[in-house]
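Please consider the structure shown below, with attention to its charged side chains and to the packing of its helices.

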Amino acid sequence: MLDQFGRSIEYLRISVTDRCNFRCVYCMPESGMAWLPRQQILTYEEITEVVRQLAPLGLRRLRITGGEPTVRPDLPTLIRELRAVPGIEDIALSTNGVKLPQMAQALRDAGLDRVNMSSDSLRPDRIAEIARRNLSFDPIVAATAASDAGLDPIKINVVVIRGANDDEVEDFAALTVVHPWHVRFIELMPVGDLAGTEFERVVPSEEVLARIAARFGTLDPVDGPARGNGPARYLRIAGALGTIGVITPLSHTYCDTCNRVRLTADGRLRTCLYGDHEVNLREPLRAGEPLEPYFARALAEKPREHELLKLRVGGLKALSEVGG
Ligand code: SAM
Ligand code: SF4
């Protein structure tokens, strides 16, 4: 399945809910989110049907995301149904990790391969501050539960925010010395609720890497985890079990190698995170129509590159709405 620029689309990110048990400052407003009505949200059967129809066209890898996917009841049921679709080789989950200690094993047993856990601090008070919810959550316990359940690789995503958690970069990097985890530092994107200071609070990846190198010595470029589809660049502290990655949505675009499309919780197929390129699949799906012509239309419209750098602020919805 190729788009108009010859990029093959084999990776689908599926948002299963727009809801979340956190309200991260860079992602959702504290209050006033208008949640999707239940009847507009695709059922697990409908999501599986989209995947079933895309798989013969080349779809191979899935990521379940949100909102926070683990707040949707009975998530292992969806994983089990998706796992049974012929052609699907890899299923990953993006989560804030809060429910991993209780759910990791059930998710693994249902057929989940791996997990990306977001964690912006290792200090309980700060986690509560950034997430604006105090759920007594310990990211190390959560990542260990995922690892013990057999999920592999374990990636930990840290959004670096100047003045909020940038002094923890070294602590996160130190995790990779003793755990075979992949800690990835993400440049803050200019959306969310940081009172208009988003651009001042971006910490460029070069600065993050310089801080880590100042503490731990030279970082060697490495290939990164074998299973992954993302835009990260990886390095390793000498002798470390895990790796350090950086994801730079602002300073570098990775559109040339973009192989992903997104399915929103209410059934829109979005071909680019930024802008409004999307096709509604829910209505044809509920009318029992074949989806292939809709996929073709969506791909024909996938833009060459995103417009974030030109737009600066605006144009991008909260990531929780479009599935990160
Ligand atoms: N709730 C799950 C989680 O937090 O991993 C999945 C959805 S979340 C929208 C997906 C990813 O988007 C998370 O890693 C989060 O940190 C990231 N994200 C959200 N808003 C962002 C922003 N303004 N800048 C950079 N990353 C952001
Ligand atoms: Fe929820 Fe993830 Fe957004 Fe945080 S980043 S508010 S955990 S969806």
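Predicted model: local features only at pLDDT ≥ 70, side-chain atom pairs only at ≥ 80, totals over all residues.

Residues are numbered from 1 along each chain as its sequence is written, and side-chain values use heavy atoms, with hydrogens and water left out.

Side chains of opposite charge can pair when their charged atoms come close. The structure holds 15 salt bridges, a salt bridge being a side-chain nitrogen of Lys or Arg within 4 Å of a carboxyl oxygen of Asp or Glu. One of them joins Asp 167 to Arg 126, with 2.7 Å from N to O. This pair links distant parts of the chain: Asp 167 belongs to the loop between β5 (154-160) and α6 (169-178), Arg 126 to helix α4 (residues 124-131), and the two are 41 residues apart. Helices (H or I, at least four residues) and strands (E, at least two) are DSSP runs, numbered from the N terminus. Asp 167 counts as partly exposed because its relative accessibility is 35%, whereas Arg 126, at 15%, counts as buried; buried means under 20% relative accessible area, exposed over 50%, and partly exposed in between (1.4 Å probe, protein chains only). Both residues also belong to a network of salt bridges that links Arg 123, Arg 126, Asp 167 and Glu 168.

A further salt bridge connects Glu 207 with Arg 162 at 2.9 Å, N to O. Glu 207 lies in helix α7 (residues 205-216) and Arg 162 in the loop between β5 and α6, so this pair ties together parts 45 residues apart in sequence. Glu 207 is partly exposed, with a relative accessible area of 29%, and Arg 162 is partly exposed, also with 29%. Arg 268 and Asp 266 meet in a salt bridge of 3.1 Å, N to O, and both are buried.

Two packed helices are described by the angle between their axes and the distance between the axes. Helix α2 (residues 75-83) packs against helix α3 (residues 100-110) at about 20°, with the axes 8 Å apart. Axes are lines fitted to C-alpha atoms, for helices over the stretch in contact, and angles run from 0 to 180 degrees between N-to-C directions. α2 and α3 are therefore roughly parallel to each other, a term for angles under 35 degrees.

Key: Chains lettered and ligands numbered in written order. Parallel < 35°, antiparallel > 145°, perpendicular 65-115°, else oblique.
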